[in-house]
Amino acid sequence: DDISNAGRAIRPSPDDVAFIQFSSGSTSEPKGIVLTHRNIVANARGATLAGRFDERDVSLSWMPLTHDMGLIGMHIYMFANRIENFIMPTELFVRRPLLWTRFASEKRATVLSSPNFGYRHFLKVLGDRRLEGLDLSSVRVLYNGAEPISVELCDEFMARLAPAGL
């Protein structure tokens, strides 16, 4: 009750609730999903193995920490692997999405992620312009977390950014 008092560390058990994550509601009504520490750790281990994450990786995310992929995939998993993690303000991505790849080039990001709408927004703003001065050759993992994933959109994004080394 008194925030001036120091807190105390606790050691949670694997089945203790870590937090309740609300689904986006993109495929049904939003609902609270109870995630235990066991859930988070098991999924972080699986993601680490699948993504081959290590401390040499650098991630860049524009997704808000209120989004499943932003909080869990691009923050908690990166933190769990001691990955240098840059977070671009979501509002900045919405206004100037081309900065996402500029920052990725500058920071030598190895891990990027977006749902379909982010890739589509980026390509719409890019239009017919060419990407000048970008080096995305350090990117080794590029996730899409949409339901369902648009293969055509992913192919278009990859083709448009291929001249930058993606």
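The model is predicted, so local features need pLDDT of at least 70 and side-chain atom pairs count only at pLDDT 80 or more, whereas totals for chains, interfaces and linings use all residues. Residues are numbered from 1 along each chain as its sequence is written, and side-chain values use heavy atoms, with hydrogens and water left out.

**View A. Overall fold of the protein.** Six helices and six strands make up the secondary structure (DSSP runs numbered from the N terminus: helices are H or I of at least four residues, strands are E of at least two). Their order along the sequence is β-β-α-β-α-β-α-α-β-α-β-α. Along the principal axes, the C-alpha atoms fill a box of roughly 55 × 40 × 35 Å. Among contacts (heavy atoms within 4.5 Å) with a separation of 6 or more, 70% are between residues 24 or more positions apart.

View B. Q21 belongs to strand 1, residues 17-22, and counts as buried because its relative accessibility is 8%. Its side chain makes a polar contact with the side chain of D68 at 2.6 Å (a pair of N or O atoms within 3.5 Å; within protein, one must be able to donate a hydrogen and the other to accept it, and residues adjacent in sequence count only if both atoms are side-chain atoms). Leaving aside residues up to four places away in sequence, Q21 touches K31, G32, I33, L35, T66, H67, D68 and L71.

**View C. Stacked pair W62 and F93.** The protein has eight aromatic pairs (rings of Phe, Tyr and Trp, the last by its six-membered ring, with centres within 6.5 Å; planes under 30 degrees apart are stacked, over 60 edge-to-face and the rest tilted). The W62 and F93 rings are stacked, at 3.9 Å centre to centre with 5° between the planes. W62 lies in the loop between strand 3 (58-61) and helix 2 (68-80) and F93 in helix 3 (residues 90-95), so the pair ties together parts 31 residues apart in sequence. W62 is buried at 1% relative accessibility, and F93 is buried with a relative accessible area of 1%.

**View D. Edge-to-face pair F122 and F157.** The ring centres of F122 and F157 are 5.5 Å apart and their planes stand at 65°, so the pair is edge-to-face. The pair links F122 in helix 5 (residues 116-126) with F157 in helix 6 (residues 151-161), 35 residues apart. Both F122 and F157 are buried. One aromatic cluster comprises W62, F93, W100, F117, Y119, F122 and F157.

Methods: Buried < 20%, exposed > 50% of the residue type's maximum accessible area, 1.4 Å probe, protein only.
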